[in-house]
Amino acid sequence: MINFCITNSNNLVKYSFHNQLSLTKDVTLYYDNMVEVVDLPNHVVIFCGILWQGDVSDFVETPNQNGQFYAVVVNKKTRTIKVITDFLEDFPVYYYIKDSNFVVTNRILAFSNQLKLNLSWILGAKNNEYTDRLIPAHNDLEMKKELYSKNVTPIRDVKRVGPGSVLEFNVDDVCENVYTWYNASTDYVSLIHQEPQYNLQSATSYVDTILTENFNRLRKKYKSLAVFSSCGIDSLTVLKYLSDVPKYGYYGEDYRTESPELLKQLYNDTGGLLHYFDAAEYQTAYTETLPGWAMPSCNADLAPEMYIRNKYNLHDTVIVKGTFGDEIFWHEPWSAMSVAVHQWNCQTREQGLAALEHHYSHQPYHTPQGMIDTILKSKTLDLSIMNYHYNRQHSYLKDDRILLNQMVVSPFIDLRLRRLLPLCNLETKLSSILDVQIQKNIVGSSLLKYLNKCKAGGEESFSSINYDRHRLNQLNEFIKFRSSY
């Protein structure tokens, strides 16, 4: 379990934690077993996750750390609390600050039902609109901008801290102060305008060095690992470094492959398995896991992973995934469009598509017309494309942690890797985007024979799930749980 809660008002908290610690006479920390508490001379640091560089004590000096984490720094002398999220807010953190009372937690179900539901958010979710950016209904566009509220949640007055951010307050004068330590525009987007630093050979070597370091850190810190994966290039990259760690995946009736037995053997050889879902069991995966959905979400695809985790008793393992590999190496047409804009000076959708036709003809351009039109109207077209790409997978990352409720790690979520492709020359960008060449070089021919052999899970492989109904069911489950205590 990876949950924590800090509060000066216990009546606002309703959740059973494994441990508790009095930080001051009026502030209590509740936490679960995978949360680290580091007691320093003048500070207490509460940490959960993994750092790819540095040490937990480094948070005392600066929030600017590279890893997947939440961290809380309590200054014993000044009685201030800093809550820090990583650059993606990979572990979402929620807070309530009002009338000198505060609750900070990564477990949204920890808030007691004294805090009422946010009916505007709930109504939007019932219409399949899940958002942390709430704009009240109003005909005047300028008024909408003025009323714009960011990082809202399903519970009234409860907010998310946000990615790459710090929530800071004093326990004696509880005033909300949120600021960012990570700026995607300067630390990622603007890098594309600099002189290239990497070619294909040096980029491949750099990626291999970082991933080797990251997987060594994983093995050193966590003794029990399991890989959740497909047979895509990101998952095979993980397997290359963790070939002795059990690998789990799933497929179903609509399975399309020339050699399913070969794939099953790949999973079995690691000590794991490729689970087969018939239509009935796949439906069961979406119904039996409903109580585990701590946060209503538009992403339904993690229910089968929750089911497999439960079926094979993997609750005490640290799950390793290839999450965010697409965002590192831009393996999607939208990313290719950003290269067309930046490197080929294409300023319209038509120019971008025409420029990509020769280079990208084997993979259809699938970004929705409405999204393209919206972003192309931006006054800063190049930045908006890169920013869209940067933010694309936020909701999926948060779902990983909330739904599985245990440690889920991806060595791709690393600031050093995040900065890589914008700093590569054009040839390397294209070979990575179009031919996944950096990862192919790393994975090697022995594993490449499995690439794209399998459609595992999700809406592509199973046509029997009514996803809108499932989303509504889990929303209702959340509402029911909130009213049950």
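The legends below describe close-up views of a predicted model.

View 1. Five strands, in the order E17-E16-E15-E18-E19, make up an open sheet in which the pairing is parallel. Its edges are strand E17 (273–277) and strand E19 (408–409), each of which pairs on one side only. Between strand E16 (residues 247–252) and E17, the parallel pairing extends over five bridges, and within this pairing tyrosine 248 has leucine 273 of E17 as its bridge partner.

**View 2. Helices H7 and H8 against the sheet.** Helix H7 (residues 279–288) packs on the sheet, where it touches E16 and E17, and its direction makes about 100° with that of E17. Helix H8 (residues 303–311) lies across strand E15 (225–228) as well as E16 and E17, and runs at about 115° to E17.

View 3. Glu281, Tyr282, Ala285 and Tyr286 are the buried residues of H7. These residues lie on the same side of H7, because the arc that they cover around the axis is only 145°. An α-helix has 3.6 residues a turn, so residues three or four places apart point the same way. Ala280 and Glu288, which are exposed, are carried by the face of H7 that is turned away from its buried side.

**View 4. The hairpin of strands E6 and E7.** Strand E6 (residues 67–75) pairs with E7 in the antiparallel sense over six bridges, and tyrosine 70 stands opposite threonine 85 in E7. The two strands, E6 and E7, form a hairpin with four residues between them, and in the turn arginine 79 has a positive phi of about 55°.

**View 5. Strand E7 and its pairing with strand E13.** Strand E7 (residues 80–85) is mostly covered, with five of its six residues buried. Besides its pairing with E6, strand E7 is joined by five bridges to strand E13 (residues 165–170), and E7 and E13 run antiparallel. Here isoleucine 84 has valine 166 in E13 as its bridge partner.

View 6. Phenylalanine 87 is found in the loop between E7 and strand E8 (94–98). With a relative accessible area of 1%, phenylalanine 87 counts as buried, because that class takes in residues under 20%. Although phenylalanine 87 and glutamine 68 are 19 residues apart along the chain, their C-alpha atoms are separated by 8.1 Å.

Notes
Residues are numbered from 1 along each chain as its sequence is written. This is a predicted model: local features need pLDDT of at least 70, side-chain atom pairs count only at pLDDT 80 or more; totals for chains, interfaces and linings use all residues. Side-chain values use heavy atoms; hydrogens and water are left out. Two strands pair if DSSP finds at least two bridges between them. Contact means heavy atoms within 4.5 Å. Axes are lines fitted to C-alpha atoms, for helices over the stretch in contact, and angles run from 0 to 180 degrees between N-to-C directions. Buried means under 20% relative accessible area, exposed over 50%, partly exposed in between (1.4 Å probe, protein chains only). The arc is that of the directions from the helix axis to the C-beta atoms.
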